[in-house]
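User: I am new to this structure and would like to go through it step by step. Could you show it to me first?

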Amino acid sequence: MNFTLKIWRQEGPQDEGRMETYPVTGISDEMSFLEMMDVLNDQLIRDGKDPVAFDHDCREGICGMCSMFINGEAHGPNRKTTTCQLHMRSFKDGETIYIEPWRAAAFPVVKDLAVDRSAFDRIIQAGGYVSVNSSGNPLDGNAIPIPKHDADDAFNAATCIGCGACVATCKNASAMLFASAKVSQLALLPQGQPERMSRVQRMVDQMDKEGFGNCTNTGACEVECPKGISLDNIARMNRDYLKSQVTGE
Amino acid sequence: MTEMPDHSVALDAKIPEGPLADKWTHHKNNIRLVNPANKRLIDVIVVGTGLAGSSAAASLAEMGYNVKAFCFQDSPRRAHSIAAQGGINAAKNYQNDGDSVYRLFYDTIKGGDYRSREANVHRLAEVSTNIIDQCVAQGVPFARDYGGMLDNRSFGGVQVSRTFYAKGQTGQQLLLGAYSALSRQISKGKVTMYNRHELMDVVKVDGKARGIIARNLVTGEVERHGAHAVVLCSGGYGNVFFLSTNAMGSNVSAAWKAHRKGAYMANPSYTQIHPTCIPVSGEYQSKLTLMSESLRNDGRIWVPKHESDVEALRNGTLKPTDIAEDRRDYYLERRYPAFGNLVPRDVASRAAKERCDAGFGVNQAGEAVYLDYASAIDRYGRMEAKVQGIPAPSVEKIRELGEAAVRAKYGNLFQMYEQITADNPYKTPMRIYPAVHYTMGGLWVDYNLQTTVPGLYACGEANFSDHGANRLGASALMQGLADGYFVLPYTIGDYLADDIRTGEIPTDTPEFADAEKAVKDRVAQLLNNNGKTPVDDFHRRLGRIMWNQCGMSRNAEGLKQAIADIQALRKEFDRDVCVPGRADRYNPELDKAGRVSDLIELGELMCKDALERNESCGGHFREEYRTPDGEALRDDEGHAHVSAWAYTGVPSEAVHHKEELKFENVELKTRSYK
């Protein structure tokens, strides 16, 4: 297969970016999208040109590092699929493919397609944890039974990989789906109760501080999320946030 | 300069006296402590933020030490522990199947083919139960049953159900738990986090590890960081094979730099080839994807009995589902009736290779076997029909119910398989083949997890300590978290107790200046090399040498050839590698060049180690040493030792030191799963 790639190139955070055109040939339909990018970079290096910088690591859809906006969609055309799991068989031979970085004020470009997502780390640092120290003697793991549906819902929220597709997709660059996934996970479990109200306040405040936008319930984040994180989490977070404001806890 | 620590002193494993079951408790009660006020005067560097690194950094900070943590990824949450799928072992005996600390200890020693330290493994089994409790307290959403209790499943090499899990994302959930503990300490300022930073060298002052040189991968700035101790939690080196289940960035550099500074590398040739991975599909392939061992709980592995069927499968005239039961060879069930599809990984991998080498591989390349869920779907479907009270369920209904049950247990793995191969594993058996997954070898450490360099520690996959020659499934997560939460935070105190009056470690010293200059020179050398060949090209070739000569089976002649080939590759790399871009910008090719350069050196040492070990044990299978029926043949007289290598400048000329393994509590037996 052959493709024409239109790729965002940007030297550094302060530099101006531009789209550049690159042809790639001899691509197998069994290649992953990132392996296709490897082919392009190999070619660029051999031609003495600057290869395209992009983030990637596990290449099996779990680390959350890969982050391309492909033909106007976060992680490309397939649902519940990260860029590293996207395969070239999802494209038509001869197609022109547009590849851009995540675009959000809170995610400045590092270089080309790589962006700085440390704002997500700071949201977790604001309260995305249970305050328990390592010690050899917490309660036995089975001391508090947790209803299966709560454990399952908490797990489903906890499968967020922190890739930022929700932010990149949202017209407001909102991080509500990301933040609410962690808020929900801990709100659903008994271990998360003592700090439940302070947690939601601190995490929402941090989200605002980082420059993420507000949620207008378009639901695009849920559609584009490679892990299918549910919009229900945002509702749960809003409810807790409101409660925390009213009760002043 | 490389220093040569005295042999006998360096390889004292410092195993505490006393009965096996009391060693750890006794040791903990007797090692020195650092009082809370003094901990505030002590700095510790932690390199890597996987399970071992995140848990160690968080725990040390909770205790009061000042921690600096480093990771090369853009966030500590992305370390490759995140990709571990199946589960974590703990001797809780929740299933009432007779499990105990002793059984977990025994299974792990046996699974490691009697090449690990009794005292370390027993400690691991002891703290395993604490890990589960700790993670539950953090809000890790483990799988639970309908009564709200923690659920378990079985893994290879054992006959109890002791594996805790969170669907196929156990590593993710445990790492996010450790990451949340780390994040809490970052928010308090007790941990300073350095994302997108790579360790470039370990700095020694007066023989002790006193800091590191790190490179900011975004700005290219080379930085000096001083500390009273350095803890390497930098993971394994499976990427020496190029194709592996490791992440693209996983590398040996931190451990290798430490090795060059005097830390011994132990048993580097012990690599784990995981039996159930998606087979290679082409030359361009950049990595291999694991299909969790948990799939062997319910899946059955087979190849056709007849070559005519193999032929028909390869040319597409026959589908696997068309092959009748009596024309299938469930070779694991045939060869190992006691453990069947749940034999340990090394055994399952070699058995797959044996069938494929004999011509029964089911894909074009002849390098794949089937992992079949049809009988599990049928079994679960019938069970579910009974539960739902359906009197005479149709075949379709059974299938539907069975698929739903399998989806609930393994859904994300099946989805991953389909995304990669475009085959639906609910309808047709998966094709799988062994791939490099984990490295049991690593930096030599004593019982306190200290390397041969004072003040330099290694935890998790980066050390060699607990898995012997073969790691059992669901034990890596256990070891990473045991080291980080419950072992290192105590043992490091014994060393740091001497440093309460030392004061901050200055970095404006000749030792730091020299190390920094060497790093900058190396970076400049790579960038100005003016070669023609991209880094990946060398990496691929290294991988091919290693896979062919130092992979699932090895022999003396091949290993000698591999050493020569790697040395030639090294020369060509130095002469012809092409690293584009600049030193002061984000430059992933430059980062990769440094890592591949270290992997090439490591590969040479691995071959040397494999050549020296004249026996077959665990993941190390030497063709010259096997029983008449093809099983591994150990040599307990000559090789019941740890091989620890001291760097001399040429990897294959490393000096060989031995730590004899003493088995006082288990009897050395031929491992049998038949």
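User: Which residues of H13(B) are buried?
Analyst: This is a predicted model. The buried residues of H13(B) are B:Ile398, B:Leu401, B:Gly402, B:Val406, B:Lys409, B:Tyr410, B:Leu413, B:Phe414, B:Met416, B:Tyr417 and B:Gln419.

User: And what covers them?
Analyst: The cover over the buried residues of H13(B) includes helix H12 (374-387) and strand S15 (430-439) of chain B.

User: How far apart are the end C-alpha atoms of helix H13 of chain B?
Analyst: They are only 27 Å apart, although the helix (residues 395-421) has 27 residues. A straight helix would reach 39 Å at 1.5 Å a residue.

User: Where is the kink in H13(B) centred?
Analyst: The kink is centred on B:Tyr410 and amounts to about 90°. B:Tyr410 is also one of the buried residues of this helix.

User: What follows H13(B)?
Analyst: B:Ala422 follows, and its phi is positive, near 65°.

User: Let us change topic. How many residues of chain B are in contact with chain A?
Analyst: There are 68 residues of chain B in contact with 66 residues of chain A. On the chain B side, H7(B) gives the most, with nine residues. Helix H4 (51-63), helix H6 (118-138), H13, H14 and helix H18 (588-612) are among the helices of chain B that each supply at least two residues.

User: How do the residues on that side of chain B divide into nonpolar, polar and charged?
Analyst: The side of chain B that touches chain A has 30 nonpolar, 25 polar and 13 charged residues.

User: Now the largest nonpolar core. Which residues touch the most other members?
Analyst: They are B:Val231, B:Leu232, B:Val369 and B:Leu443, in a core of 284 residues. Helix H14 (residues 476-496) of chain B contributes the largest share, twelve residues. Chain A takes part as well, since at least three residues come from each of its domain 1 (3-110) and domain 2 (118-133 + 141-247).

User: What does B:Leu443 touch?
Analyst: Beyond residues up to four places away in sequence, B:Leu443 touches several residues, including B:Leu232, B:Ala255, B:Met265, B:Thr451 and B:Phe464.

User: What is in contact with B:Gly484, leaving aside its neighbours within four places in sequence?
Analyst: Its contacts include B:Leu51, B:Ala52, B:Ser59, B:Cys233 and B:Gly460. B:Leu51 is 433 residues from B:Gly484 in sequence, yet their C-alpha atoms are 7.3 Å apart in space.

How values were computed
Residues are numbered from 1 along each chain as its sequence is written. Chains are lettered from A and ligands numbered from 1 in the order in which they are written. This is a predicted model: local features need pLDDT of at least 70, side-chain atom pairs count only at pLDDT 80 or more; totals for chains, interfaces and linings use all residues. A nonpolar core is a set of buried Ala, Val, Leu, Ile, Met, Phe, Trp, Tyr and Cys residues joined through C-beta atoms within 7 Å. A residue is buried if 20 or more other C-beta atoms lie within 10 Å of its own, exposed if 12 or fewer, and partly exposed in between; C-beta atoms are placed from the backbone. Helices (H or I, at least four residues) and strands (E, at least two) are DSSP runs, numbered from the N terminus. Domain bounds come from an automatic or database domain assignment. Two residues are in contact if their C-beta atoms, placed from the backbone, lie within 7 Å. The expected span of a helix is 1.5 Å times one less than its number of residues. The bend at a residue is the angle between axes fitted to the seven residues ending there and the seven starting there. Ala, Val, Leu, Ile, Met, Phe, Trp, Tyr, Cys and Pro count as nonpolar, Asp, Glu, Lys and Arg as charged, and the others, Gly among them, as polar.
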